[in-house]
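I opened this structure to look up a few local features and to note what I found. The entries follow in the order in which I checked them.

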Amino acid sequence: QNSTTLQPLESTIPDSDRFRDSKPLKLTCPSCQHFFPFGGIQSSNNYQITHSGIRCLSCQFVLPPLSVSAQLESFLRTQISQYYAGWLHCDDCGITTRQVSVYGRRCIGISGKAYGCKGIMRYLYSDKALYNQLLYLQSCFDVDKAKKRALKPLYEEFSGDVSADDKENKPSVMSQGELDALVEQNRSLFEVYQGVVDNYLEDCGRRYVDMGGIFGFMSAFEK
Amino acid sequence: MTTTIETQIITRFGPKANETDILKKCGELMNIFGLSAEDLFLKWESYVITTSTVDNELQLSLPSLNKFQEFLQMKLIKSNQKTPSSNAKRPVMRTTPNMNIIPSTPMSSMKKRRLEAPGLRSADTSYTNGGDSSPVAPSPSATPSKQTESGKILETLNAHITPSNSISQAKLKLFANFNPQKYKFRTMNQKLLEVADYLDEQIDATAKVLLNHYKFEASDFGNPNVQSQTEILTVGRIVPDSPLTPYDADLNPNSLFLETSRSGGIGQRVQLNISSIENFSFFPGQIACFKGINSTGEFFKASKSYPIPYLGSPVSSLSDLNTYHQDLAGDNMKVVITSGPYTTQNDLSYDLLSRFVDKMNNEVRPNTLIMFGPFLDVTHPSIQSGNLSFDTDKTPTTLTEVFKFVITPILKRLTCQVILLPSTKDATSKHAAYPQDSFDRKHLGLPKNVKCFPNPATFQLNEVLIGCSNNDIFKDLKDVNGGQKMKQSRFDRVAEHVLEQRRYYPVFPGGLKQKKTKSLIAENDTGVLEHVSGADLHVPYMGLTEFNESLPDVLVIPSELKFFCKIIKNVLIINPGSFVKMNAPGSYCLMNLVPPKVEDLSKADDVDDVYLHNVWKRARVDIIKA
Ligand SMILES: [Zn+2]
Ligand SMILES: [Zn+2]
């Protein structure tokens, strides 16, 4: 349809930028209820990837595969449902509403009469954001990205003015050897999780419009 | 078990290993590859044997251990390549060093093992609780006293009709009145302009219907937004007077606007004054037709509202009706209807469903069973918190596998014809929008007597036209009403709206469920609204939710509100109630339909030999405790 949505450079954008606005997948440890953000095979103060899966560092319990995939699917579905709630935002008067004018982009305005405000209405949760959210969840279980340390970092790199506390709290970086082994040990398990996301990506209309996106997605599997 | 890793390494590798960097490297390798000191040594030995030459045996050193690590890594990659990913359903839990707490056994025996580890009490309780939700274990909520009530009739419509006790099990003829291909559209790409196109067309299409029905003149229609001296006719959508009105707000007669179509009033909205209309019921999203005047330019004063004419009822030829009669050999047609959830909120036990299946097979023996989702509710607390496990032969690793390994075996036992309709909350449906594509029967391993239909779906069982929609309009439609309408039951008004508007879900914007979460940051905070679920309308395809040419004979729209069965405009309206409600057995619906006899039917047409079905007169409907 609208060819201006094509973004051929999408695939070249690093995950840290591309998924800047994606919401983190948060997992609850079924054993101790510890609730923590999950960012794939990388160092975290909350979890550790072992050869047998994701281990909660609060109680040392290894999350069973079904626990992880169920939480992943539940989170993903909440995102889709939130998208379908269809919240719109006016770029001029700033109202947020779920009502749609018969012209779509026309603002209903605070008067409710659909004239007066010249602003443009847009979905707050765009299909691009949802598509990126799905790709982000997929990347969390992408072991080859983890191997190349190309995942969106859990602990943002600060420029200079980072406090001593934050520096101390940052977990130590994994050695490449450790990382390489964990990648292979978790490959098949993480493919199960990726399969959960893939089922939705297959139904995702945006994937078939946004060619930049689809190539970016495929390039994850090349090399 | 107080031996240190170092001692373990030295015990296996010998005193040569007693060097800081070697000990450190060995410990690292054990960690990385998940090996015990013993395992590491065995692997090292075989590595030494395969790489050493006759005159140069590999020595234990840091460089050789680094090479050893590469070797282990390569083996790992190779073993992955040997196993195609599709087979890798179940990750293997291998023995772990210095992690006594992690079960060293495969998943299935994890529960037993965990009970032996007293150090992890909190973990054990929560995890084994989940494990109790096996399909064989009795559900804790289904207490004996409640079980004895099972089968109790809670409500009956047309009690004078005798239910049939026969076990005819005749197969009903099933015709789908929908094109399944049309539901295969891709989701998650809703375009605002396409939404607007649909909303606009809806007004104009209804205007055409009204024009033809009431024999209006096209010139009688005007723009209600502009001031005029004379009365005009207008068709538009009822909307709230502010864009900030929550969808479920209690509106009042003074807070309504009428939205015009692009052609009817360039999409503008005008305040609606309905003080002259005696009996009314209006809701956001409704298409309505008024006669009235905008004499000041400020508001449109309606003097009369014109309802949208009802569609006709379906008819059948005499020869078809005779065939259906013969097929049933004089027996009643028995149709059972259930609606999810099928488990309590406390656990994911399908025990009650399993017992229900036995009851259907052995006692009730319906011709057809219509089952609405959710079967596996993606908003179920156990799924959201990841605290779930099942005692099955194969351990599910995904929710789709939970359906396949836990629910499918139960449904497979059903001997009658079964129709499944999904819910947008069903974890197994990847098409998480309404209108919704059907379940993938083959993928879920369901047998051929199970038909998977989309949501909504209109179909015919013999002569009976059944309309089914799984989106809770009874909960989501909130109207402003007055006069006689106020005295009616709300369910009656909603059902009338659905029939009049000719679509299964006429509310716009659709329902929304949010929960308030306290923000930890701001004091004095009213809380943040977090999205839970919703009607998930994919508006550009809402055409699939419109009635075709006629009203249905039976309209089934499950609601989480109380079950009911009623007759509105000669349509049998059924809400079977939730199969499990408030953590206890809920209800289901049994319809006994007396076979069509010509003397009981009304002739619809003098020319052709066609007859109205009069299902509302011939059907006994019981709501029964699950
Ligand atoms: Zn924990
Ligand atoms: Zn505006």
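I began with C56(A), which is buried because its relative accessible area is 0%; buried means under 20% relative accessible area, exposed over 50% and partly exposed in between, with a 1.4 Å probe and protein chains only. C29(A) is also buried, with a relative accessible area of 0%.

Before going on I noted the conventions: this is a predicted model, in which local features need pLDDT of at least 70, side-chain atom pairs count only at pLDDT 80 or more, and totals for chains, interfaces and linings use all residues. Residues are numbered from 1 along each chain as its sequence is written, chains are lettered from A and ligands numbered from 1 in the order in which they are written, and side-chain values use heavy atoms, with hydrogens and water left out.

**Zinc ion (ligand 1).** I looked up which residues hold this ion, and found C29(A) (SG), C32(A) (SG), C56(A) (SG) and C59(A) (SG) coordinating the zinc ion (ligand 1) at 2.3 Å. Donors are N, O and S atoms within 2.8 Å of the metal (3.2 Å for Na, K and Ca); water is not among the atoms, so sites may look incomplete. The angles among the 4 donor atoms are 104 to 117 degrees, and the site is tetrahedral. Four donors count as tetrahedral if all angles lie between 85 and 135 degrees. Along the chain the donors of the zinc ion (ligand 1) have the spacing C-x2-C-x23-C-x2-C. C29(A) is in the loop between β1 (25–28) and β2 (35–38) of chain A and C56(A) is in strand β4 (residues 53–56) of chain A, so this pair ties together parts 27 residues apart in sequence. Helices (H or I, at least four residues) and strands (E, at least two) are DSSP runs, numbered from the N terminus.

**Zinc ion (ligand 2).** I then listed the protein donors of the zinc ion (ligand 2): C90(A) (SG), C93(A) (SG), C107(A) (SG) and C117(A) (SG), 2.2 to 2.3 Å from the ion. The arrangement is tetrahedral because the 4 donor atoms subtend angles of 105 to 115 degrees. Their spacing along the chain is C-x2-C-x13-C-x9-C. C107(A) counts as buried at 0% relative accessibility, and C117(A) is buried at 18%.

**Aromatic rings.** I found 37 aromatic pairs over all chains. Rings of Phe, Tyr and Trp (its six-membered ring) pair if their centres lie within 6.5 Å; planes under 30 degrees apart count as stacked, over 60 as edge-to-face and the rest as tilted. I checked F474(B) and F491(B), an edge-to-face pair with 5.8 Å centre to centre and 80 degrees between the planes. F474(B) is in helix α14 (residues 473–476) of chain B and F491(B) in helix α16 (residues 490–501) of chain B, 17 residues apart. F474(B) is buried, with a relative accessible area of 1%.

**Residue S354(B).** I placed S354(B) in helix α11 (residues 351–364) of chain B. S354(B) counts as buried at 13% relative accessibility.

**Confidence.** Chain A averages a pLDDT of 87, and 83% of the residues score at least 70; pLDDT is the predictor's confidence in each residue, from 0 to 100. Over residues 1–8 of chain A pLDDT stays under 50. Where pLDDT is low, the predicted coordinates should not be read in detail.

Definitions and conventions:
Tetrahedral: all angles 85-135°; square planar, octahedral: opposite > 155°, others 65-115°. Contact = heavy atoms within 4.5 Å.
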